[in-house]
Protein chains: 2
Amino acid sequence: MAELARLSLNTATVRLRWDLPACIEGCARHGIGWIGPWRDALADYGVARAARHLRDAGLSVSGLCRGGWWTARTLAEAIDDNRRAIDEAAAIGARCLVIVNGGLPEGSRDLAAARALCLEGLAAVLPHARAAGVPLALEPLHPMTCADRSVLATTAQALDWCDALGPGIGLALDVYHVWWDPALPAEIARARGRILGFHVCDWLRETRDLLTDRGMMGDGVIDIAALRAAVDAAGYAGPIEVEIFSSRDWWTRDPDEVLDVMKQRFERCV
Amino acid sequence: MAELARLSLNTATVRLRWDLPACIEGCARHGIGWIGPWRDALADYGVARAARHLRDAGLSVSGLCRGGWWTARTLAEAIDDNRRAIDEAAAIGARCLVIVNGGLPEGSRDLAAARALCLEGLAAVLPHARAAGVPLALEPLHPMTCADRSVLATTAQALDWCDALGPGIGLALDVYHVWWDPALPAEIARARGRILGFHVCDWLRETRDLLTDRGMMGDGVIDIAALRAAVDAAGYAGPIEVEIFSSRDWWTRDPDEVLDVMKQRFERCV
């Protein structure tokens with residue numbers, strides 16, 4: 001099992017009830033040493049204030065969610081916004097900027113063109129990321145999000161993009177998005193030295209929604225500990241974020257209860 | 001565009017309103033030369049009666065849905081049932097038996113074991129399929145069904161299983177299940193000579209349900225004509241089934257209207 005010292009709270013897990021300062025206080029209160037904030041919450045609080053608060057609370061930042069979205073606006077707008085995201089990640093000392101690349105442009109059926117657009121955007125901001133010392137963490141999302149959220153759909157494809165783009169870019173692997181992939185063991189081994197983040201939650205057997213019906217570790221079908229061991233064996237020893245989108249369950253609960261359960265399940269299932 | 005002579009009605013498209021004899025009459029009335037029936041409807045009608053009715057109506061059977069489900073019962077039960085399915089497919093002259101392999105066994109998180117179980121079941125029934133002259137068509141389902149319906153999740157994996165199992169087995173490719181896959185162009189080329197069926201519908205950008213929210217061709221984001229051309233270029237010249245699970249739209253409509261629209265869209269989008 002993974003050591004509790006690696007646990008990170010991705011703030012999406014309690015997003016409906018806690019703003020960023022409440023998340024920081026909550027982590028401190030529960031003895032959680034890592035946090036993975038979202039940009040909207042960071043903007044609400046203010047980057048400088050957040051950076052100070054994080055430092056005062058003794059929290060480290062596993063990753064900032066999220067850059068990317070190359071296909072949902074003009075490429076120039078996306079590039080500008082991603083440069084700002086890199087600066088924000090640097091300001092709060094995030095280990096990486098998590099990249100969700102975006103789906104098909106509205107009205108398009110051309111997957112190859114959408115994928116080429118993502119690569120163009122990534123190549124454009126990568127020098128800025130390198131200069132800022134903020135690696136970009138490509139997150140392949142579940143293929144069920146290919147139309148509207150991520151044309152980057154597999155670990156193999158993410159590694160192909162890393163190969164094409166050179167240093168300063170790697171992977172954020174979320175068990176929810178990749179657990180089904182028959183190529184996963186081989187691709188995790190191939191990812192050695194390029195795993196920048198590892199996210200956990202669980203796939204519920206009776207999933208009712210494509211976005212917001214994720215489970216707490218142990219409530220679903222993913223062999224999380226086996227995937228964590230594989231990622232560790234590929235050289236990853238960093239923080240492990242718990243990121244749960246759950247409109248019918250965890251988002252409705254008292255966040256202090258969520259953090260208690262999260263810690264227990266982390267020790268038992270991760 | 002594909003010739004209308006290749007159009008096949010998968011009976012699931014009108015399953016709530018038409019039984020098998022109504023589907024046969026409907027195809028005849030609409031000038032559709034192919035049909036892809038389901039086993040439950042076939043059992044309700046009776047295999048011998050159905051075979052006679054199909055022959056009298058001049059209909060050919062693109063495939064029987066479906067065998068498989070290795071993981072949802074004891075392997076012995078699954079093998080017996082699949083042998084019966086092969087016999088039924090032979091009795092109605094089906095070009096293939098479509099195989100949906102099943103998800104993780106209840107309570108299991110062991111994907112590798114579930115996949116091994118599927119291979120064991122397939123190997124056990126393959127001699128019977130060869131003897132009956134009914135090829136088995138492995139259908140990789142969308143990764144969002146991996147927990148509860150199909151641990152066979154990609155075209156590459158289906159071809160690996162074909163390689164392992166030898167003659168008498170191939171693929172049923174459904175654009176809905178495979179369109180997102182960055183490896184798809186290469187895998188379709190690799191599938192040359194092993195494509196036994198091709199199914200179409202569409203992925204709706206705002207998909208609300210993981211099973212029954214599929215779209216009519218042209219209403220979603222899949223470049224169906226491009227995939228059909230790729231499959232043709234890999235040597236497939238057989239029937240093309242329209243299979244739409246749609247609880248909020250097409251299942252609620254008059255099936256004669258559904259068939260009219262289906263024919264128009266087939267000519268425009270496939």
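This is a predicted model: local features need pLDDT of at least 70, side-chain atom pairs count only at pLDDT 80 or more; totals for chains, interfaces and linings use all residues.
**Chat about strand S7 of chain A**

Me: Which strand does S7(A) pair with over four bridges, and in what sense?
Reply: S7(A) pairs with strand S8 (residues 195-200) of chain A, in the parallel sense. Strands are DSSP runs of E, at least two residues, helices are runs of H or I, at least four, and both are numbered from the N terminus. Two strands pair if DSSP finds at least two bridges between them.

Me: Who's the bridge partner of Leu173(A) in S8(A)?
Reply: That's Phe198(A).

Me: And how many bridges join S6(A) to S7(A)?
Reply: Three, and these strands run parallel too. Ala137(A) stands opposite Gly170(A) in S7(A).

Me: How many residues of S7(A) are buried?
Reply: Six of its six, so to speak mostly covered. Buried means 20 or more other C-beta atoms, placed from the backbone, within 10 Å of a residue's own; 12 or fewer is exposed, and in between is partly exposed.

Me: New topic: how many residues of chain A are in contact with chain B?
Reply: 21, and they touch 21 residues of chain B. In contact means C-beta atoms, placed from the backbone, within 7 Å.

Technical notes
Residues are numbered from 1 along each chain as its sequence is written. Chains are lettered from A and ligands numbered from 1 in the order in which they are written. Two residues are in contact if their C-beta atoms, placed from the backbone, lie within 7 Å.
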